[in-house]
Amino acid sequence: MLIPVFNRDVTALVTSIITQAAEWTGPLEIRLLDDYSTNDCRRLNRLLAAQPGVFYEELPANVGRATIRNKLVNKALHNWLLLLDNDSLLPDGQFIARYAQALRTQPTARLFIGGTAYEAAPPADPALHLRWLYGRAREMRPAAVRQRDPTGQLTINNALVAKELLGQFPLDERLSGYGHEDTHFGLALAQAGVAVHHLDNPVLHDGLEPAETFLDKSRQAVRNLAQVLRTDGLGADTRLVRAAARLRRAGLASVAQRALAALAPALRRNLRSAHPSLRALDMLKLSWLLAEWR
């Protein structure tokens with residue numbers, strides 16, 4: 001169980017894993033690697049090292065999402081790796097059992113994706129509505145839907161992966177900040193013809209961010225998408241890139257980018273409101289990509 005930690009108390013998550021550990025038939029270790037969190041956060045999580053089977057370490061500087069996962073993979077001792085984000089909670093007492101059953105049923109598989117769930121009711125704080133709405137509409141999809149585009153619908157916040165697969169396809173450490181390291185991973189798997197198996201075994205997302213923080217992360221993700229598009233030609237089949245490509249082919253990219261940039265203040269006001277529109281978010285992301293994709 002590999003969990004990168006950054007400014008989160010992961011006690012509840014680790015405790016849940018320990019409670020379910022007997023459901024995994026092979027050896028099990030829980031590895032926590034802190035990516036230079038605040039002192040208060042580190043003091044809380046250091047206590048987990050006293051738990052049996054828990055290995056806790058801290059990095060002397062922040063290295064980012066892709067690099068820290070690769071470091072965890074290199075430290076892992078066993079053949080199967082469960083990747084979890086630190087803002088996850090297990091939904092019930094059968095989470096690990098469902099992964100164990102999937103592996104028994106499909107013993108030749110190398111990658112299972114469990115999915116993500118969000119609370120049904122919106123959060124009380126309006127500042128969190130955008131992140132909740134985006135999660136419910138864009139990330140919370142049943143396995144049957146995700147399996148229609150298995151690599152394109154791949155997220156590694158909840159994934160059971162054969163260690164040798166991540167050794168063959170490590171996450172791209174050129175992607176700094178937030179976003180698209182899993183997109184790059186999925187596209188690389190698609191090119192290599194690696195099968196991806198989607199399951200209905202979601203974690204509950206427990207890290208809703210204020211709209212402004214989520215917009216900053218979304219901007220970073222668009223930069224990363226533009227980078228993999230320029231350097232590797234990957235990402236061309238994503239919906240956002242297809243929209244930008246149509247404008248470029250029609251010779252309208254510059255005009256559209258200027259128009260969207262003029263609308264940006266109004267779009268951001270909507271997205272910070274209690275009733276955000278994902279259409280406004282899509283327009284803002286298109287503006288960012290057109291500006292980045294030169």
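I began with charges over rings, and found Arg 31 over the face of Phe 55, 4.4 Å from the ring centre. The model I am reading is a predicted one. I noted a second case, where the charged end of Arg 248 sits over the ring of Trp 293 at 3.9 Å from its centre.

Next I looked up aromatic pairs; a search of the whole structure gives 3. In one of them, Trp 80 and Phe 112, the ring centres are 6.3 Å apart and the planes stand at 40°, so I list the pair as tilted. Trp 80 belongs to strand 4 and Phe 112 to strand 6, 32 residues apart, so this pair links distant parts of the chain.

Tyr 134 is buried at 16% relative accessible area, and Phe 214 is buried at 3%.

Then I turned to the second largest pocket, with a volume of about 300 Å³. I found 18 lining residues, and Trp 24, Gly 26, Pro 27, His 78 and Trp 80 lie nearest the centre. Strand 4 (80-84) and helix 4 (95-105) each give two or more residues to the lining. By class I have 12 nonpolar, 4 polar and 2 charged residues there.

Last, I followed helix 4, whose buried residues include Phe 95, Tyr 99 and Leu 103. Among the elements covering its buried residues are helix 1, strand 4 and strand 6.

Conventions. Residues are numbered from 1 along each chain as its sequence is written. This is a predicted model: local features need pLDDT of at least 70, side-chain atom pairs count only at pLDDT 80 or more; totals for chains, interfaces and linings use all residues. Side-chain values use heavy atoms; hydrogens and water are left out. On a 1 Å grid over the protein atoms alone, a cavity is a set of points where a 1.4 Å probe fits but cannot get out, and a pocket is an open set with protein on both sides within 12 Å along at least five of seven lines; lining residues have an atom within 4 Å of a point. Grid points are joined across faces, edges and corners, and a volume is the space filled by probe spheres set on the points. Helices (H or I, at least four residues) and strands (E, at least two) are DSSP runs, numbered from the N terminus. Ala, Val, Leu, Ile, Met, Phe, Trp, Tyr, Cys and Pro count as nonpolar, Asp, Glu, Lys and Arg as charged, and the others, Gly among them, as polar. Buried means under 20% relative accessible area, exposed over 50%, partly exposed in between (1.4 Å probe, protein chains only). Contact means heavy atoms within 4.5 Å. Rings of Phe, Tyr and Trp (its six-membered ring) pair if their centres lie within 6.5 Å; planes under 30 degrees apart count as stacked, over 60 as edge-to-face and the rest as tilted. A charge sits over a ring if NZ of Lys or CZ of Arg is within 6 Å of the ring centre and within 35 degrees of the ring normal.
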